[in-house]
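The following paragraphs lead the reader through one protein model, beginning with a single side chain and then turning to the whole fold. Please keep the sequence and the structure in view.

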Amino acid sequence: MKQQRNWRFLLLNIDVAIASIAMCVLVGLTFAGVVARYILGSPFTWIEEIQAAMIVWVIFGAAGAAFRTGNHAAIEVFFEFFPKAVKNIINILILLVTIVTLLFLGYLSIQYMMVFANSGRTTAVLHISYILIYCIVPVSCIWQIFNFVLVNFFHYSEQETIEAITEEEFEEAKKE
């Protein structure tokens, strides 16, 4: 049972790991760039390309986790004034608009990457393919839909992720 919970925990948080790694790279490179530019007087000419790519990976890497943890912006004050029947209709509309929007964004991002593939376009300094930079977008759109459905239809909450860690594991982690 514990092994099954750990796999579920790891799978559900792969987006957090991707976003965290991208954020660490972004912060580390930004710090190194500041040191290189202002202390050593020799700026990295390539750093902006990696920073732009990491920003894309941080944003789209963490988007699914934002659905899972309820951290997307919402205006719930008005929603609470409606009767239950109207709330159900609004929830269905929100579901449809969200899924259609994410599917459309995913579709457009694939079309966008096909343009890059056909043109062979790469970044100016490091010659990194734009496909590599933007490949996270369609994957993230599908992952966001998965998390949206997981939260809204299967009533998953971040509490379940916390409960996946046993009391012994929690105590052991506190000691380290």
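Glutamate 80 counts as partly exposed because its relative accessibility is 48%; buried means under 20% relative accessible area, exposed over 50%, and partly exposed in between (1.4 Å probe, protein chains only). Glutamate 80 also takes part in a salt bridge with lysine 87, with 3.4 Å between the closest N and O atoms. The term salt bridge denotes a side-chain nitrogen of Lys or Arg within 4 Å of a carboxyl oxygen of Asp or Glu.

The model is predicted: local features need pLDDT of at least 70 and side-chain atom pairs count only at pLDDT 80 or more, whereas totals for chains, interfaces and linings use all residues. Residues are numbered from 1 along each chain as its sequence is written, and side-chain values use heavy atoms, with hydrogens and water left out.

The structure holds 2 salt bridges. One of them joins the side chains of aspartate 15 and arginine 68, at 3.1 Å from N to O. This pair links distant parts of the chain, 53 residues apart: aspartate 15 lies in helix H2 (residues 14-39) and arginine 68 in helix H3 (residues 47-69). Aspartate 15 and arginine 68 are both buried.

As to the whole fold, the protein contains 9 helices and 0 strands; helices (H or I, at least four residues) and strands (E, at least two) are DSSP runs, numbered from the N terminus. Of its 176 residues, 29% count as buried. The protein exposes about 12100 Å², of which carbon and sulfur atoms supply 71%, as computed by the Shrake-Rupley method with a 1.4 Å probe.
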